[in-house]
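Please look over the sequence and the fold shown here before reading the report that follows.

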Amino acid sequence: MKEWMNILSLTKPVIQAPMAGGLVTPRLAAAVSREGALGSLASGYLSPQVLEKQIAEMQALTSRSFQVNVFVPESRETPDEKALEKWKTSIPLAEQAPPMTTEEQDWEDFYEKIKLIIKYKVKACSFTFGMPPAATVRELKDNGCFLIGTATSIEEAVALEERGMDMIALQGSEAGGHRGTFLPAKGESSLGLIAFIPQAADAVNVPVIAAGGIFDRRGVQAAEILGAQGVQVGTAFLMCAESEASRIYKRELLAAQGTDTRLTSLFSGKPARGIVNEWMKQKQSEEADTLPYPLQNTLTKPMRQNAAAQQDSGHISLWAGQSAGGLHAATDVKTLLDQLC
Ligand SMILES: Cc1cc2nc3c(=O)[nH]c(=O)nc-3n(C[C@H](O)[C@H](O)[C@H](O)COP(=O)(O)O)c2cc1C
């Protein structure tokens, strides 16, 4: 039994990836935790009030360990005025976009979520898009919380260990959803897991887990051979009956081939891997001048919400990893975990 699994009383070396945007509810996360893997609540885009309800619901559904994932606020970049005007007129329904939060409000939201994690004695907390402040790390650790950071490079893995993370999730280039990158890279901020896992495992002393493109036992075993102590799986959980992915999202996942995804900033302003759809095709030549995150995300929100209501898969973000081509049927949490372990 690996030490991190012991600390969290797990029987399976699998973390269900936190997936923000209403895709994961306590129903899915609790089903995962009940099977002996680590269920995750995703607090990104949730208000502290909704997160508090979800944590309470989770604790009513299971006494097993689970984690809460938190976005680390980033410094805001000033958008190019010409680009801003262009996107305001070319993104459908952009005029209905809600006001953007300030960086200060994002930090207030962050600290309120940390307070809840401590109040409810949540066993584990993970971070993406950056490193939590040192004082937050100390406070969480003093309260017995196990901390997981997200790295997309060796430099980030080393920095996260120095900041005090107990474990590091290595997000490979295969991964679905947003890149967690927070340090600049000379080349690309994305490494395939075959190269990434052994280099990171050699570079840090804390355990590493692998995230990206894993959908069955072979991926789990390969990650372990390469030096990972477990895996974090996202896309494959979207196909579970317990997930809140919509019917059209699941349909697109089932139809997708391995080469149907790519990285795009067109939805949010931050690179994320998703299934290529109409919006991505239509605006491909404008990738380079998308607005900085989270401005692009705010402006595309009404378009995405409207498309979801109309069941139009062409204008919602269909985040998915390269594993999408390996998903052939609707499933449930128990069956998927049996397939992984
Ligand atoms: C729909 C979706 C939403 C995601 N949201 C988050 C998130 O809120 N926080 C986070 O740390 N990672 C998020 N991720 C990334 C996952 O943690 C993980 O890196 C990825 O799912 C692994 O690749 P896979 O999807 O191929 O399994 C998301 C991934 C997907 C597919």
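Predicted model: local features only at pLDDT ≥ 70, side-chain atom pairs only at ≥ 80, totals over all residues.

A salt bridge with an N to O distance of 2.8 Å brings together the side chains of aspartate 109 and lysine 113. Both residues are part of helix H5 (residues 103-119), where they are four residues apart, about one turn of the helix. Aspartate 109, at 26% relative accessibility, counts as partly exposed, while lysine 113, at 4%, counts as buried.

Arginine 218 and aspartate 216 also meet through their side chains in a salt bridge, with 2.5 Å from N to O. Here arginine 218 is exposed, its relative accessible area being 61%, and aspartate 216 counts as buried at 12% relative accessibility.

Lysine 283 is found in the loop between H12 and H13, and with a relative accessible area of 9% it is buried. When neighbours within four places in sequence are set aside, lysine 283 is in contact with Trp87, Ser90 and Leu266. A search of the whole structure finds 13 salt bridges.

## Helix H7 and its cover

Helix H7 (residues 154-163) has buried residues at Ile154, Glu156, Ala157, Ala159 and Leu160, a list that includes one glutamate as well as alanine, leucine and isoleucine. The elements that cover these buried residues include strand S5 (146-151), strand S6 (167-171) and helix H8 (193-203). After H7 comes glycine 164, which has a positive phi, near 110°.

## The chain as a whole

The chain is built with 14 helices and eleven strands. Its radius of gyration is 19 Å, close to the 20 Å that the globule rule gives for 341 residues, so the chain is as compact as a globular protein of that length. Along the principal axes, the C-alpha atoms fill a box of roughly 55 × 45 × 45 Å. Among the contacts in the chain with a separation of 6 or more, 68% are between residues 24 or more positions apart.

Of the 341 residues in the chain, 55% are buried. The accessible surface comes to about 14,900 Å², and carbon and sulfur atoms account for 50% of that area. The charged side chains number 33 positive and 39 negative, and the centres of these two sets lie 5 Å apart.

Terms used:
Residues numbered from 1 in each chain as written. Heavy atoms only, no water. Helix = DSSP H or I, 4+ residues; strand = E, 2+ residues; numbered from the N terminus. Rg over C-alpha atoms; globule rule 2.2 N^0.38 Å. Buried < 20%, exposed > 50% of the residue type's maximum accessible area, 1.4 Å probe, protein only. Contact = heavy atoms within 4.5 Å. Areas by Shrake-Rupley, 256 points an atom, 1.4 Å probe, with all protein chains shown as cover. Lys, Arg positive; Asp, Glu negative; His and termini not counted. Charge placed at Lys NZ, Arg CZ, Asp CG, Glu CD. Salt bridge = Lys/Arg side-chain N within 4 Å of Asp/Glu carboxyl O.
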